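Q: I'm new to this one and would like to walk through it. Can you put it up first?

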Amino acid sequence: MRISDKLLNKYAELIVRTGANVQPGQIVQLIIAVEQHEFASMVMEKCYEAGAKKVNVDWLSDVKRRLDFQYADQEVLSEVLPWEEAKMKQMTEDLPCRIYIESEDPDAMSGIDTQKLSSVTQSRSRVLKPYRDAIEGKHQWVIAAYPSEKWARKCFPDADDAVERLWEAILRTVRVDEDNDPVSDWKAHVDFIEKKASWLNEQGFTSLRYRSSNGTDFTVDLIPEARWEGAGVTNSMNGVFYIPNMPTEEIFSTPAAGRCEGTLVSVKPLSWNSQLIEDFSITFRDGRAVSCRAAKGQELLEQMLKMDEGASMLGEVALVPKESPVNKCGFLFYSTLFDENASCHCALGMGFKEVLPGGNDMTMRQARERGVNDSIIHVDFMVGADDLAIDGVRPDGSMIPVFRDGTWA
Ligand code: ZN
């Protein structure tokens, strides 16, 4: 589809100015697929116009990644070379704005040995995680999307106009159209989310109880001082407000690691390591996933839960009403960026230390002592059934309805 230059420009501008909120003198790291090189140039130019000192581009390729896994040895792929590590180290000093443009084919790695994929991810993450932890909360970043042909085909297998339709949905969910002022629309959206988050913070819930007719029956404890947040974040190094996900509809917090019970039934397929897990549920005892079943991707799900100590515990709970514009699109995006903003979800693995007071200045070790889960993975899965009910338990034991029938009570 020939999407108008006017719309593309508006979108690129929104990503750079409202999303990453690039400031004069900052370095930008743009991560984007080679196929999207034209849009990459557009985003680069917007960054320079915003005063960026330098824009570096990391080019991604589904095809290259697949070929690597088909032909190269596991040991070779697992190794993090000194220059790669040096680059990460440099990042902890430069603290660049990171702009990630997602366009991945959801089936990019289908058929690739899942054990090999998991092991390589595990080994590489072990080396790279300390660098990622070091920049957490200290740099601006944003993830937005650009529809690739293959991704669009996955969403609309029978349509001739699959790419157009995916474009239309993406632009609607990020509030960009021919005539609007996306900056003021986003301001209103951020205000709405912040109001809901402050209501949750005033309640001071100590735990949440989930029930739905599909089998979800689950209780999770919250960390008393952890806050509910949504939409935007402030970079603790320079006070710049940025929006890490476009679209974003969720209000999230970090639950107490190792303190949940019961079963969560997923309502949408999950893409992990570029492969799909479908129709699954996970049962927790004493805060850890003790069993799981999946109609498709059982082995993959089991491997995911065993990635490390923290992979079987929760790091995020997030609330999204079923009226979310992403959900209203009425189809599955096969992309966490979108699907997590269509449904209440939880995430296995890494929690967010920044929801704790002073969390940005804590080491991961300090955050762990306060109850935040630590892991090399952070994988969202969707539990927002149409009849989902969530109750919040107050410190005095009283129960307050938070969600009824999949939306704010
Ligand atoms: Zn989330």
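Q: Which residues does E249 touch, not counting residues up to four places away in sequence?
A: E249 touches R175, H189, I193, L319, V320, S324, P325, V326 and N341. Contact here means heavy atoms within 4.5 Å. Before going further: this is a predicted model, where local features need pLDDT of at least 70, side-chain atom pairs count only at pLDDT 80 or more, and totals for chains, interfaces and linings use all residues. Residues are numbered from 1 along each chain as its sequence is written, and side-chain values use heavy atoms, with hydrogens and water left out.

Q: Where is E249, and is it buried or exposed?
A: E249 sits in the loop between β9 and β10 (251-253). Its relative accessibility is 11%, so E249 counts as buried. Buried means under 20% relative accessible area, exposed over 50%, and partly exposed in between, with a 1.4 Å probe and protein chains only. Strands are DSSP runs of E with at least two residues, helices are runs of H or I with at least four, and both are numbered from the N terminus.

Q: Which side chain has a polar contact with that of E249?
A: That of R175, at 3.1 Å. A polar contact is a pair of N or O atoms within 3.5 Å; within protein, one must be able to donate a hydrogen and the other to accept it, and residues adjacent in sequence count only if both atoms are side-chain atoms.

Q: What about P247, where is that?
A: P247 is also in the loop between β9 and β10. A cis peptide bond joins M246 and P247, with omega about 5°. Most peptide bonds are trans.

Q: Switching to the metal: which residues coordinate the zinc ion?
A: E250 (OE), E316 (OE), E340 (OE) and H345 (NE2), at 2.0 to 2.3 Å. Donors are N, O and S atoms within 2.8 Å of the metal (3.2 Å for Na, K and Ca), and water is not among the atoms, so sites may look incomplete.

Q: How are the donor residues spaced in sequence?
A: The pattern is E-x65-E-x23-E-x4-H. Within it, E316 in strand β15 (residues 314-319) and H345 in strand β16 (residues 345-349) link distant parts of the chain, 29 residues apart. E316 and H345 are buried.

Q: What are the angles at the zinc ion like?
A: They run from 80 to 162° among the four donor atoms, and the site is irregular. Four donors count as tetrahedral if all angles lie between 85 and 135 degrees; four count as square planar and six as octahedral if opposite donors are over 155 degrees apart and all others between 65 and 115; anything else is irregular.

Q: Which sheet has β15 and β16 in it?
A: An open sheet of five strands, in the order β7-β10-β15-β16-β17, with antiparallel pairing. Its edge strands, β7 (229-230) and β17 (378-382), each pair on one side only. Two strands pair if DSSP finds at least two bridges between them; β15 and β16 have four. L314 stands opposite L348 in β16.

Q: Which helix lies across β7, β10 and β15?
A: Helix α9 (residues 182-203), running at about 40° to β10. Axes are lines fitted to C-alpha atoms, for helices over the stretch in contact, and angles run from 0 to 180 degrees between N-to-C directions.

Q: What is the order of the open sheet of four strands?
A: β2-β1-β3-β4, with parallel pairing. The edge strands are β2 (54-60) and β4 (141-145), each pairing on one side only. The twist averages 15° from one strand to the next.

Q: Why is β1 described as largely enclosed by the rest of the structure?
A: Because seven of the seven residues of β1 (residues 27-33) are buried. I27, Q29, I31 and A33 point one way, while V28, L30 and I32 point the other. Seven bridges join β1 to β2, and I27 has K54 as its bridge partner there.

Q: Last topic: what is the phi of N273 near?
A: It is near 55°, a positive value in a residue other than glycine. N273 lies in the loop between β12 (270-272) and β13 (275-285). Y334 also has a positive phi of about 55°, and its place is the loop between α11 (325-328) and α12 (336-339).
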